[in-house]
Amino acid sequence: MEKFVQLVVDGLSTGSVYAALALAIVLVHSATGLINFAQGGLAVLAAYVAWVLTNQGLPVGLAIVAAILVSFVLGAVVERYLIRRFERGDPDTAVVVTIGLLTLVTGVAGWIWGYNNQQFPSLFPLDTVSLLGVSVSIRSLGTTAVIVVAMVLLQVLFVRTKIGLALRAVAINPQSAAFSGLPVGRLLMVGWGLAAALGAVAGTLVAPQLTLTPGMLDNALVYALAAVILGGLTSPVGVVVAAWIIGVLENLAAVYVGFIGFDLKVAVPFILIFVVLLVRPQGLFGRKTVVRV
Amino acid sequence: MARVLDTPTPSTPPPPARSLRQTPWVRWGAPLLLVAALAVLPLVGTESFNDTLARIGVFAVAVLGLNVVMGYTGQVSLGQIFFLGLGAYVTAYGVQQGWNVVLVFVLACLLPAVAGLLVALAAARLGGLAIAMVTIALPIVGVPLAKRLSEFTGGSQGLSARFTDAPEGSGLYDDQFQLYLVLGIGGVVFLLTACLVRGKYGRAFAIVKDNENVASSMGISPYRYKVLAFTIASLIGGVSGFLYMVVVQYTSPETMSFGHSIELLVAMVIGGAGSIAGSLLGGVFYVVVPDLTNAVDPSLTSLLQGALLLLVLFLLPGGLVSLPRALARRLRRSPAGRGSAAPPTPPSSTPGSATAAERPQTERQGHA
Amino acid sequence: MNGHVRSRRTLGIAVASALAVTLSACGGATDAGRGGDTAEGAPSPGITDDSVTLGITTPLSGSTAGPGTCTVAGVRAYFGMRNAEGGIEFGDGQTRTVEIEALDDTYDPQQAAANYDQLKNEVFAMTAGLGTPTNRAWRDAAIADEVPQALIMTGDPIFSDTEQSPWQLGFVPIYQNEGEAFGELLAASGQQHRVAILSQNDDYGEGYVEGFKAAVEGADNIEIVDELTYEATDTSVDAQITELANSGADVIFNAMSLVPLVVGALQKAQQLGWTPSWFLPSNTSSPGAVLEPGGGGAFPGIYSVSFAKAPASPAFAEDEDVQTYLSALAEYGDYPEPPAFPHCQWSWMVGATLEQAFTQMEEPTRDSFMEALRGIQGYEAPLMLPGTSVDTTQDGQPAVSSVVVQKYNGRGYDTVESFG
């Protein structure tokens, strides 16, 4: 039983890593209707910026804040000068543009900082606390807490604020949003900027655990995408819960379902997605959206 | 199948430039000219040129398959590399067991097609991004699966199979023989696919892509056509896997890694989605760009590839295949260019443009 | 009909331009570089009277770019230093500089094979590339073309089998050797041990486990209580460590090749209050990059096998070998900081071992090179630990097959003769 609970807790902590990235992807999707493959790449870039600043002697917290600001600007600039050109066009092309951006950003990180592993200082201590007979590190708790806060903020932003509503209106129908007087261009930049800032939080949170390298978030990206689809593209709460479900189920399946084992546990989230989407095409928490024609 | 191309083809005199394409001369002459050119090509190229061309052929076929399901039918598939990998494994295993090569080829087509059919029967119930997520799982689960089934796949050490050395007495070098195989098999696949997407099925695919409700109201079952498109794409993927073994002669779990599936998607869009010629250009992009960036600076490949990709799409959002159209539009816009908007290419003025008349059956079909 | 015409023309132009691109990319000479039937004793490709060119295909981008970059940096630094000193005097009396031509394969076998095709007529020999599948992809071709595939970075035994691989030689110990060395030490400890195994799900992990099991087979003081694997694409091995901690093992045999996951495993075990004796392979046991962030001091003993000095270890901070190496790495290898991967050290040793072969080869031919390469015995390459040496004369073994077991002392490693 203790092992079971520990596996659940481990799964939640792994799931939080996926959730961090998934939240940023959802934000971009909500603002622009686009799946951004480069989200992880931008997050890694932010982590490098923070790392450079800590090496200059800045405290970790401040360095992270600075990286978040830099990322906001970078995200807005990327939207304005790169993505904007493809927003109205073929969605496949736009996705491929984000893949190109990911390749480019990874290459830039490798060019500037090399492919050596870098130690990123953690915001939270590595100490362990014991809860219900299982041990959890303060770092995992801290990561999870930050993600929950980000999730709540996002949910509030989307549902309760004017800017959130405007962002969603722009994503659903840019033309009629423009007719109703919304500054569509600026809103799109803000959407991307916010997503990049959130990505910076994600990147700096998981960098101590994953070790900073240009491809740090490549493996997490697939899981984050799975969480995004499973949770429903529109719901911050949904994707975080989905990411946790994925993390936990993976662990349990690997340990308790003999033929899956640790090598095929990666199949678990996809089987789950398939079953869920057959029953609920909009995902666990998603709203039904009108199909764009 | 490559033997078709081995036989000397009567070459036709260059058709007059003016009545181009209307005359029967061109209708029949151009394809024959093309076949002749392709038949000669491997004999004049250097070894590395032939190797490069053969690898382009392999991935052009893979991209073509992806185009059938994605470019023409509008279903996002991120799993195409899995079928290439499966075809390659079937080929490698069959060759190692000493099976007849024809049988191996048939199996390398059929097994991926059956696998694709099974996946499609389930996945085609979903649409949009959901189908993307289900297909993404194929390479991601495929890699550990290939390792687990090490009895058949050789595990992470992979399988080698050298079965395409030029036959004794043919007088060909290995690279020439391999290129003939790729040109022959790949050419037939391109031809058949072009017919498919031009015909009845192609129109149905286009309608399904455009609007599933309209398709249903016209009596076209979106589900059935999606399954069909996916199965054909898998079959073509299997063929590309066979060709992969013809050229690379080695496969391992890395062959079907997720990253390559993404690269195939990129190649398809860069070449031009929903286009036969675009598939070919996609294959060129997939193969030539890594070589090119390696030649510039091997430590900056990722950066250069990303930059190049963005640059191409920035200039040509419709892919490389839209380059002539984009040029023509620019010319038309300037008054001087009027009338000469798209100057007819005089055929066979250079060896390169003899092949330029390639595959007249390929036009953009159902591009939404 | 008009649409037809246009699209067809479009196609023609597109194909023509595509072909033009490939043609210009590949050069147009006819039949050049095919065959390679050179006369007896005539120089092989890639070697002149004053220089020799070596080829490397290795991952320089993608997920294995870290160690991949190192495999180039070390050998480039070594020959950069030698070239600056005036070059190397070969066995035929000529003094030559050594040039390195490295290409990125992103750990893709297909690209590795393509890189080989591109390099084979330009370079004298291929060397130092990282990866089992990426080296296997062109092994057959290298044999057919008689191109040396010398001192490559894979512990796959096939490359050290002269019968199967006449033109190949691995550099690093085959994985089995490393696992075996630790197994023998453990079996001889005279105490009862319960062992948990966590290994990478590929030939790397399997090789280690195979060697370990062979060594402890029949030893009645060893019981393997649990055995798990992980995938190289996993982001965490927390669940595996949790399950293994429950097995109550007092030793963990941990064959992992990824630095972040090893760090995570060490941390997770501590969080669970499970502190077994720990075995780590040679490529993920760096004191600075792994054990320090992982908190290695919390465990009763961390053991590893090695043949190279770890430059990040304070024990070797004053070592002359290490200092020469680090400064050359920064100056000629474009690697300004101490690397987290031992592959940089190994590739430096590859350079030194190649130099040994160069000074012995009597003709500027690939045949002569392979003969010289297979005749090195008892050579203590720079950075080698006492008790290890390069020996290329044993069939079935790579250039380095002797390893010593080491134990972490809180700062670096000490060589140990017994467990505990």
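**View 1. The largest nonpolar core of the predicted model.** This core comprises 364 residues, and the residues with the most contacts inside it are L21(A), A22(A), L23(A) and A227(A). Helix α8(A) supplies the largest share of the core, 17 residues. Both domain 1 (51–173 + 318–403) and domain 2 (176–306) of chain C also give residues to the core, so it lies between these two domains.

**View 2. Surroundings of L23(A).** L23(A) is among the residues with the most contacts inside the largest nonpolar core. When residues up to four places away in sequence are left out, L23(A) touches A150(A), M151(A), L154(A), L198(A), P236(A), V239(A) and V240(A).

**View 3. The contact between chain A and chain C.** On one side stand 31 residues of chain A, in contact with 33 residues of chain C. Within chain A, two or more residues on this side come from each of α1 (2–32), α4 (91–113), β2 (134–137), α8 (184–210), α9 (218–231), α10 (236–256) and α11 (261–264). The greatest contribution is that of α1(A), with 7 residues. Sorted by class, the side of chain A that touches chain C holds 17 polar, 10 nonpolar and 4 charged residues.

**View 4. The two domains of chain C.** Chain C is divided into domain 1, made up of residues 51–173 + 318–403, and domain 2, residues 176–306. Their C-alpha centres are 29 Å apart. Contact between them involves 12 residues of domain 1 and 14 residues of domain 2. The side of domain 1 that touches domain 2 has 7 nonpolar, 4 polar and 1 charged residue.

**View 5. Helix α6 of chain C.** The 13 residues of α6(C), 175–187, reach 19 Å from the first C-alpha to the last, close to the 18 Å expected at 1.5 Å a residue. Because 11 of these 13 residues are buried, α6(C) is largely enclosed by the rest of the structure. The buried residues are Y175(C), Q176(C), N177(C), E178(C), G179(C), E180(C), A181(C), F182(C), G183(C), L185(C) and L186(C).

View 6. Residues 227–250 of chain B are 88% helix and 4% strand, with 31 Å between the end C-alpha atoms.

Key:
Residues are numbered from 1 along each chain as its sequence is written. Chains are lettered from A and ligands numbered from 1 in the order in which they are written. This is a predicted model: local features need pLDDT of at least 70, side-chain atom pairs count only at pLDDT 80 or more; totals for chains, interfaces and linings use all residues. Two residues are in contact if their C-beta atoms, placed from the backbone, lie within 7 Å. Ala, Val, Leu, Ile, Met, Phe, Trp, Tyr, Cys and Pro count as nonpolar, Asp, Glu, Lys and Arg as charged, and the others, Gly among them, as polar. Domain bounds come from an automatic or database domain assignment. A nonpolar core is a set of buried Ala, Val, Leu, Ile, Met, Phe, Trp, Tyr and Cys residues joined through C-beta atoms within 7 Å. A residue is buried if 20 or more other C-beta atoms lie within 10 Å of its own, exposed if 12 or fewer, and partly exposed in between; C-beta atoms are placed from the backbone. The expected span of a helix is 1.5 Å times one less than its number of residues.
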